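This report describes selected features of one protein model, with the focus on a sheet, its packing and a few side-chain arrangements.

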Amino acid sequence: MLRSVSYYTTPSPPAPPVTVSRRAASFDAGATTTTNAVRFPSLRLRSSNTRRALAVRASVETGEAQQVEAPPLPSAGKKKQATRRDVRNIAIVAHVDHGKTTLVDSMLKQAKVFRDNQTVQERIMDSNDLERERGITILSKNTSISYKGTKINIIDTPGHSDFGGEVERVLNMVEGVLLVVDSVEGPMPQTRFVLKKALEFGHAVVVVVNKIDRPSARPDDVINSTFELFIELNATDEQCDFQAIYASGIKGKAGLSPDNLADDLGPLFEAILRCIPEPRIEKDEALQMLVSSTEYDEHKGRIAIGRLHAGELKRGMEVKICTSDDACRFAKVSELFVYENFSRVPADAVQAGDICAVCGISDVMIGETIADKSTGKPLPTIRVEEPTVKMSFYINTSPFVGREGKYVTTRNLRDRLYRELEKNLAMKVEDGETADTFIVSGRGTLHITILIENMRREGYEFMVGPPKVINKVVDGKTLEPYEIATVEVPEEYMGSVVELLGKRRGEMFDMQGGAEGTTTVLKYKIPTRGLVGLRNSILTASRGTAIFSSVFDSYRPWTGDFMTRDLGSLIAFEDGTTTSYALFNAQERGQLFVRPGLDVYKGQIVGINQRPGDLAINVCKKKAATNVRSNKEATVVLDEPLDFSLDDCIEYIQEDELVEITPLNVRMLKNPKMGKKNSRG
């Protein structure tokens, strides 16, 4: 069904230079910023760096006019430019746990997407089982709402830095972003990453200070910190003049002031219509649609999702699939869908500026362009940052191979890994040194761990080695990736945390009081390899009270080797079934991973040694049976074994160790190909 579309046509010739008068800013200690001075009366310049950055940006002489060359339209003078007044495309970006998905829930409910009597689960956008279990968003997802006759396409994005590739590939589908910031924590490492990407695309930003109802909320400080972050990231004057909305996503309230919230999210919707630009399109030009995401449906096959940049796309239309290297092929659109409310709705045609889903092109890939059959040209492809961590994948060679898994061969493993590349742009897969080895590279350990967990649930059996950083060699010098790590820790545990970070070559560059008043926020630049196993160590040192996060910073010179684990492992001495009698004696050697009655094999890691170096122990030994009567058997009291998750196991293992992954179990073992290293019996 065709929809009526309203356009606003802009003049095609390039605009002449315009004269912009900038007032001089006052930079004494009590002065407020000229930008945002009206919108944020409490916004004040606190750091000298910010003052210097603003001084460069402002005109020093009072009242002096500057000649500023207006940027030309993308195709000025050649193509007819127009904007869609009835559509807005936005992405919601933030640091992990700052409330993006909960805010989208409230927006959907208030837009009457669901019936009044319909049962709706929390965080409805997190539809993946792993997302619900971990409480994080892993994949970007599309939805849309209607507000006052305008369709608002919304893309919910991940907040964890390891899934930054998901954010990068969807930002070209939108014209603006909602930057959600916690009213207590303020801007965090991932806030910096997603904001940097949005500013590079030139997108308009609406800042949403979320969780404003928290008792320790500090909205003025958060706005100050956010504004300084804009300055540090070289935002333009227009981007720095952002609109701030104060909201409580869980209560579904928003307002222009933290002390005066409306009863609904009306102020947020109005800000989207007012501050997010209308999609600029080439109305009468040849069809162009950049594929930003793909999905798979059992009945429809592969589904390509993207924003229509030019022309019109119709169901049944013959199109040309273009790549960046001018290699083109032809295809036919079998079905066409648009996003309305919380579902995909069939459409006969889609106009430029809207986001749609296309079926019928079985081999389409992310980054390719669906173009006009005769005159279509490719759009610039999607570029994401390079991976920083790699892991080796092997077929399972343990004595228990094939007991639980459905897919255990090299061919199964190869097909599954290379299939992941079709939708995961930030990941790379290479063949290893042997036919049964594959090197998988990603943006972080969690990025690869999510793939491992998904494969495990699909019935795959395999092994993985420890994570390793990807170094670069520039001008004969070895460079390694560094990350900015942020740790919020109670003051009584700060000494232990600082010592841990120092051992791993961390360099502190900032320390300030936390939001709660009893905590301290530490910021470090630390090698990525120093983060492996660091999270658990910090939680142990702080009795589980520390909050840890990190984001990629840059490549810096190699800092030398250092130890990430001081203790060795306890190794099973033989194949068999664990017994209480053997475990009672073995627990004196360290902390165990196994319980009585479990099958183990020779070389399996069954515990953590209390000293450096590995120790082979017998956990299957049975008590000798004698003909001597005993009135009472000795009571065996066993300590509770450590319960390591998949993430914990991958962080624990060293160079000569592996993790065996099966649908029902995760085990650690010594790598049989590397021989006995630091082992004693």
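Contact here means heavy atoms within 4.5 Å. The model is predicted.

An open sheet is built from seven strands in the order 6-7-5-8-9-10-11, with mixed pairing. Strand 6 (141–147) and strand 11 (253–255) stand at its edges and have a single partner strand each, so one side of each is left without a neighbour in the sheet. On average, neighbouring strands are turned by 30° against each other, direction ignored.

Strands of a sheet pair through backbone hydrogen bonds, either parallel or antiparallel.

| Strands | Sense | Bridges | Facing residues |
|---|---|---|---|
| Strand 6 and strand 7 | antiparallel | seven | Asn 142 and Ile 155 |
| Strand 5 and strand 7 | parallel | six | Ile 90 and Ile 154 |
| Strand 9 and strand 10 | parallel | four | Val 207 and Ala 244 |

Strand 6 and strand 7 form a hairpin with two residues between the strands, and Lys 148 in this hairpin takes a positive phi near 50°.

Is strand 7 mostly covered, or is it mostly open? Seven of its seven residues are buried. Both faces of strand 7 are covered: one side carries Thr 150, Ile 152, Ile 154 and Asp 156, the other Lys 151, Asn 153 and Ile 155, and all of these are buried.

Helix 8 (residues 266–275) is mostly covered, with seven of its 10 residues buried. These are Gly 266, Pro 267, Leu 268, Phe 269, Ala 271, Ile 272 and Leu 273.

**Asn 210 in strand 9**

Asn 210 belongs to strand 9 (residues 204–210). Its relative accessible area is 2%, under the 20% limit, so Asn 210 counts as buried. Which residues does Asn 210 touch, not counting those up to four places away in sequence? The contacts are with His 98, Gly 99, Val 180, Val 181, Asp 182, Ser 183, Ala 247, Ser 248 and Gly 249.

In soluble globular proteins, nonpolar side chains tend to be buried together. In this model, the largest nonpolar core has 41 residues, of which Leu 179, Leu 195, Val 205, Val 207 and Phe 230 touch the most other members. Helix 6 gives the most to this core, with six residues. Apart from neighbours within four places in sequence, Val 205 is in contact with Val 177, Leu 179, Leu 195, Leu 199, Phe 230, Phe 242 and Gln 243. A second, separate core of 28 residues includes Met 391, Leu 417, Phe 593 and Leu 646.

**Aromatic pairs**

The whole structure contains 10 aromatic pairs. One of them joins Phe 227 and Phe 242, whose ring centres are 6.4 Å apart with planes at 50°; this angle lies between the 30 and 60 degree limits, so the pair is tilted. The pair links distant parts of the chain, 15 residues apart: Phe 227 is in helix 6 (residues 219–232), and Phe 242 is in the loop between helix 7 (237–240) and strand 10 (243–248). Phe 227 is buried at 2% relative accessibility, and Phe 242 is buried at 1%. Ring pairs also bring in Phe 230, which forms a cluster with Phe 227 and Phe 242.

**Charges over rings**

Two side chains place a charge over a tyrosine ring. The charged end of Lys 472 sits over the ring of Tyr 555, at 4.4 Å from its centre. Arg 565 lies over the face of Tyr 652, with 4.1 Å to the ring centre.

**Ala 347**

Ala 347 is in the loop between strand 19 (343–346) and strand 20 (349–351). Ala 347 is buried, with a relative accessible area of 5%. Phe 337 is 10 residues away from Ala 347 in sequence, and the two are 5.3 Å apart in space, C-alpha to C-alpha.

Note on methods:
Residues numbered from 1 in each chain as written. Predicted model: local features only at pLDDT ≥ 70, side-chain atom pairs only at ≥ 80, totals over all residues. Heavy atoms only, no water. Buried < 20%, exposed > 50% of the residue type's maximum accessible area, 1.4 Å probe, protein only. Phe/Tyr/Trp six-rings, centres within 6.5 Å; stacked < 30°, edge-to-face > 60°. Lys NZ or Arg CZ within 6 Å of the ring centre and 35° of its normal. Pairing = 2+ DSSP bridges. Axes fitted to C-alpha atoms, helices over the stretch in contact; angles between N-to-C directions. Core = buried A, V, L, I, M, F, W, Y, C linked by side-chain atoms within 4.5 Å.
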